[in-house]
Structures are given as C-alpha cells and as structure tokens.
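Work through the exercises below with the sequence and the 3D structure open. Each task is followed by a solution in steps.

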Amino acid sequence: MAAKALSFVVGDYVVYPKHGVGRVVELQSQEIAGAKLELYVLRFEKERMTLRVPTNKAESVGMRKLSSNAQMSDALATLKGKPKVKRTMWSRRAQEYEAKINSGDLVSIAEVVRDLFRAEDQPEQSYSERQIFEAACSRLARELAAMEQVDEPTAQVKILDILRAAAAIHNKVAVPA
C-alpha cells in the first residue's frame with residue numbers, strides 16, 4: 001500500500017496548498033508512537049521551511065504535482081479577465097481571498113491576483129489588500145517559475161505585464177490631450 005502512495009520522487013516540485021511550491025528533498029521512514037510512517041520531506045526555499053508529510057496523507061491534504069500547461073494557461077487567461085469586486089465588507093472578502101489562496105487551485109489564486117491588482121493610475125490599495133495581493137501573486141509566480149524554470153522575479157514580471165495589459169483594456173479612460 002505504501003508503494004502506491006509514493007507518487008512523488010526526490011527532486012519533484014510539488015504544491016502544498018497552504019505553503020505553495022516546495023521540493024521533495026527526501027523520503028523518510030520514522031517510527032512515531034510505535035507506528036512506522038513513510039514521510040515526504042518538503043523544502044520551501046522562500047520561507048526557509050521544511051515540512052514532513054505522511055505519504056498516505058499527501059492526497060488528503062491537497063498536495064499535488066505542478067499544474068499542467070493547460071491549467072497554467074487557464075490561470076494566465078483568468079488574469080486577462082475583468083476584475084470582479086464584490087461590494088461586501090472587506091473582512092468577508094479578505095477571508096474569501098485567503099481561502100482561495102490556501103486552496104492551492106491555480107485559477108482561484110489567479111482570480112485573487114486579478115481582482116486585487118491596481119494599475120498605477122488606479123486608487124491606492126489598503127495595507128491588507130496589498131498583503132493579500134502580494135501573497136497571491138507570489139504563490140502564482142512561484143508555480144509559474146517552477147514550470148518555466150525561471151526565477152520568481154522573472155515570473156512575477158510576466159504576471160504583472162499581463163495584468164497591466166488587461167487593466168489598460170478594462171479601464172479605458174479618456175486620456176487628456
């Protein structure tokens with residue numbers, strides 16, 4: 001049974017919903033409370049964090065391989081859409097945004113990035129809006145970077161370029177002559 005659960009190998013990039021993109025650095029066997037446990041050891045470089053996930057729990061916690069190219073294309077296409085801003089209280093929206101980020105779903109994360117993006121000509125964001133935007137953008141950029149084998153800042157520039165181009169289309173304002 002344990003052999004079937006080992007769908008990740010050392011060196012694989014994986015997505016852990018609450019922490020983003022990490023890398024499997026080791027497969028460990030440990031005895032905990034008399035039970036032998038097989039563990040994935042994940043390393044998250046950005047947070048300088050190591051996480052141990054039981055192999056039989058990997059699927060139930062939502063751990064997954066990097067998205068397919070089609071899923072990434074869907075997420076990047078989502079960024080091009082018109083931002084949807086609900087008129088509910090900020091605290092409620094913030095909770096919804098955090099839930100989307102922690103879901104690990106690439107398109108949901110892209111929706112948060114799209115909805116919270118502010119172009120240079122738009123009103124300033126509050127501190128908490130900016131924090132959530134940066135968290136979502138970083139999460140999306142790390143997966144894009146791992147897929148395209150570039151660094152995170154390069155991936156972030158690509159995302160911001162898409163957002164700026166979309167904002168120019170959606171926010172067509174008469175330019176003073």
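**Exercise 1: aromatic pairs**

Task: state how many aromatic pairs the structure has, and describe the one formed by phenylalanine 8 and tyrosine 40.

Solution. The model is a predicted one, and the count of aromatic pairs in it comes to 3.

Step 1. One of these pairs is formed by phenylalanine 8 and tyrosine 40, with 5.3 Å from centre to centre and 75 degrees between the planes. Planes over 60 degrees apart count as edge-to-face, and the pair is therefore edge-to-face.

Step 2. Phenylalanine 8 sits in the loop between α1 (2–5) and β1 (13–16), while tyrosine 40 belongs to strand β3 (residues 35–44), so the pair ties together parts that are 32 residues apart in sequence.

Step 3. Buried means under 20% relative accessible area. Phenylalanine 8 has 6% relative accessibility and therefore counts as buried; tyrosine 40, at 0%, counts as buried too.

**Exercise 2: a second pair**

Task: classify the pair of phenylalanine 117 and phenylalanine 133, and say where its two residues lie.

Solution. 

Step 1. The ring centres of phenylalanine 117 and phenylalanine 133 are 6.2 Å apart and the planes stand at 45 degrees, so this pair is tilted.

Step 2. Phenylalanine 117 is found in the loop between α4 and α5, and phenylalanine 133 in helix α5; the pair therefore ties together parts that are 16 residues apart in sequence.

Step 3. Phenylalanine 117 and phenylalanine 133 are both buried.

**Exercise 3: lysine 100**

Task: decide whether lysine 100 is buried, partly exposed or exposed, and list its contacts beyond four places in sequence.

Solution. 

Step 1. Lysine 100 is located in helix α3.

Step 2. Its relative accessible area is 25%, so lysine 100 is partly exposed.

Step 3. Leaving aside neighbours within four places in sequence, lysine 100 contacts Ser108, Ile109, Glu111 and Val112.

Key
Residues numbered from 1 in each chain as written. Predicted model: local features only at pLDDT ≥ 70, side-chain atom pairs only at ≥ 80, totals over all residues. Heavy atoms only, no water. Helix = DSSP H or I, 4+ residues; strand = E, 2+ residues; numbered from the N terminus. Buried < 20%, exposed > 50% of the residue type's maximum accessible area, 1.4 Å probe, protein only. Contact = heavy atoms within 4.5 Å. Phe/Tyr/Trp six-rings, centres within 6.5 Å; stacked < 30°, edge-to-face > 60°.
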